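Open the model in the viewer and keep the selection tool at hand. The tour goes through salt bridges and then pockets.

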Amino acid sequence: MDALHGFKDVQSLSFQRPIIRRLILGSYWVVILFAIPFWWRLTSIERIALPSNRVYAQLEKRPVFPVNVQLDGSSFQGRASSLASELNVLLAQSMRTSTRWSNLDVHVTVDQNAAVDNQTAHSVYTIAVGNGTVVRHPRHLILSQDDASSATKIADVLTGLLAPEASSRVQRVVQYAKRYRLAFTLLNEDVTSDQLIHSWDIRAALAEHISPVLSQLNVLHDFLIESQVQFHAPLAFEPVQIVSENSTLYGLTPGDLTIFVNSAEWTLSSSVSEDPVLHFLLFVPSSSRQPLHILDTQGSPTKRAVFLLPQWGGIYILNHLGHVGTRTHLTAVDLSLVFSAFADQLSALLGVSSLPHGVKSDDPFTLSDWQLDAVLRYRALENIVGTQQTLHSIVKLVDQIKNMPVDETVRGDVQNALTALEQAYQSTSGLPITILQRSREALSSASHAFFNPGMLALLYFPAEHKYAVYTPLFVSIAVPLIVALGRELHAWRREHRKTAGK
């Protein structure tokens, strides 16, 4: 039949002979079997063991900063020893009952020598009696006769200086970063206003008010400064109009302050960077909305012209100045109050606590050593806690996601972070700047490990995605080979039975 139609018999084809057909099929399976180890090696995920036990051991650890306070025995007129004993008792009670003292170990002693050498001045806080309560450089506290009259009053002053209340600044202070960008912007609400300001002497204002603060805080952060002037910055809401017999004014309610920044129409940053930005806005209202005041909760105008947006920046509202008139330029004198307020807001955003009530500084334009030490301890503790949480998150993610790769780089960063943490604990007895540097290294290594590109690639790639990728590829190849193998086995068994029957 096949010959009549010109077709060859299938069985006469050489490659259709059973032995040839089975060799061809077998070659496919041999290639697959030899390729499986290579495929498994190339697609396997490297998971090096992390020092999980060391990470979990760090979770409950907190640094304790020893603080040495010395009373100047010559100025306390024989009461220094008794005051030191009472202060140690009062502060010990506070450290047991108040969380604000949880990371401090304060010990008060008496120093009979009024003079303090340079080495001691950098590690000891000295208290003496004078005409007023003033903090001086380096780490000196001069108490008034009234504040030095009892151990309780001295303890209250020390509490405000050494352990400022942290709960009130947690939501206000920006997260620690090695570098910040400070953006100063002059905003004119209406370009057609007769109160339009074209320029400002910002360089002189920065040099007078901002640079002294930055020069002291450069041990914590690096700063980049930028400035700009915008001529049209409309508000996204209508201020409250208050009409009285003599005048009309406009007000901002507490709710208006939270939505004051019109992000949709204000371009507040002139460059692109990963560094966090702190904004400081000088807002000039339109002449038709002046004076613009901040209202209290009862709706009454206040004398405040400045307000703070937590973790974002500060805003100063500049109404018409009589001595400015219709000038279009703001001099350094005009900006003095504005940038003095900006300097205070910058310090508050960066975690610097204000001096306690009744305590003054002998140099009001700079930060005292007491304030700097407090913010250094605060930032060091923040970095240590952040490092612990980041390391714990890494270990937890690796345990939860079984196919997450962990290479030698990740383990090295984790070990470097743990080593820096241990060094930070060991340096608590030294200068606060030392533990800050160690804690900063620990946080940097932990963050580098957490954001490792190899780990992030599979952070949102569950096992179901892997099956979805490989199933269409292997099923289309495996099904014909398995069917052919089953058919050949069946044919071989049939041939084997025929041979055995003969």
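**Salt bridges**

Start with aspartate 275, which is buried, with a relative accessible area of 16%. The model is predicted. Aspartate 275 sits in the loop between helix H7 (254-258) and strand E11 (277-284), while arginine 179 belongs to strand E6, so the pair links distant parts of the chain, 96 residues apart. Arginine 179 counts as partly exposed, at 38% relative accessibility.

Next, select Glu189, Glu238 and Arg289, which salt bridges with shared partners join into one network.

Move on to aspartate 373 and arginine 139, whose side chains meet in a salt bridge at 2.7 Å, N to O. Aspartate 373 is in helix H9 and arginine 139 in the loop between strand E4 (134-136) and strand E5 (140-143), so this pair ties together parts that are 234 residues apart in sequence. Are aspartate 373 and arginine 139 buried or exposed? Both are buried.

Now select arginine 100 and glutamate 165, a salt bridge with an N to O distance of 3.4 Å. The pair ties together parts 65 residues apart in sequence, because arginine 100 lies in the loop between helix H3 (80-97) and strand E2 (104-111) and glutamate 165 in the loop between helix H5 (151-162) and strand E6 (179-188). Arginine 100 is partly exposed, with a relative accessible area of 30%, and glutamate 165 is also partly exposed, at 37%. The structure holds twelve salt bridges.

**Largest pocket**

Select Tyr378, Leu381, Glu382, Asn383 and Val385, which lie nearest the centre of the largest pocket among its 36 lining residues. The pocket holds about 970 Å³ of space. Then colour helix H9 (369-400) and helix H11 (432-450), each of which supplies at least two residues of the lining. Which element gives the largest share of this lining? H9 does, with ten residues. By class, the lining has 18 nonpolar, eleven polar and seven charged residues.

**Second largest pocket**

Finish with Ala343, Asp344, Ser347, Pro364 and Leu367, which lie nearest the centre of the second largest pocket, lined by 21 residues. The volume of this pocket is about 490 Å³. Helix H6 (202-217) and helix H8 (336-349) each supply at least two residues of its lining, and H8 gives the most, with six residues. The lining has nine nonpolar, eight polar and four charged residues.

Terms used:
Residues are numbered from 1 along each chain as its sequence is written. This is a predicted model: local features need pLDDT of at least 70, side-chain atom pairs count only at pLDDT 80 or more; totals for chains, interfaces and linings use all residues. Side-chain values use heavy atoms; hydrogens and water are left out. On a 1 Å grid over the protein atoms alone, a cavity is a set of points where a 1.4 Å probe fits but cannot get out, and a pocket is an open set with protein on both sides within 12 Å along at least five of seven lines; lining residues have an atom within 4 Å of a point. Grid points are joined across faces, edges and corners, and a volume is the space filled by probe spheres set on the points. Helices (H or I, at least four residues) and strands (E, at least two) are DSSP runs, numbered from the N terminus. Ala, Val, Leu, Ile, Met, Phe, Trp, Tyr, Cys and Pro count as nonpolar, Asp, Glu, Lys and Arg as charged, and the others, Gly among them, as polar. A salt bridge is a side-chain nitrogen of Lys or Arg within 4 Å of a carboxyl oxygen of Asp or Glu. Buried means under 20% relative accessible area, exposed over 50%, partly exposed in between (1.4 Å probe, protein chains only).
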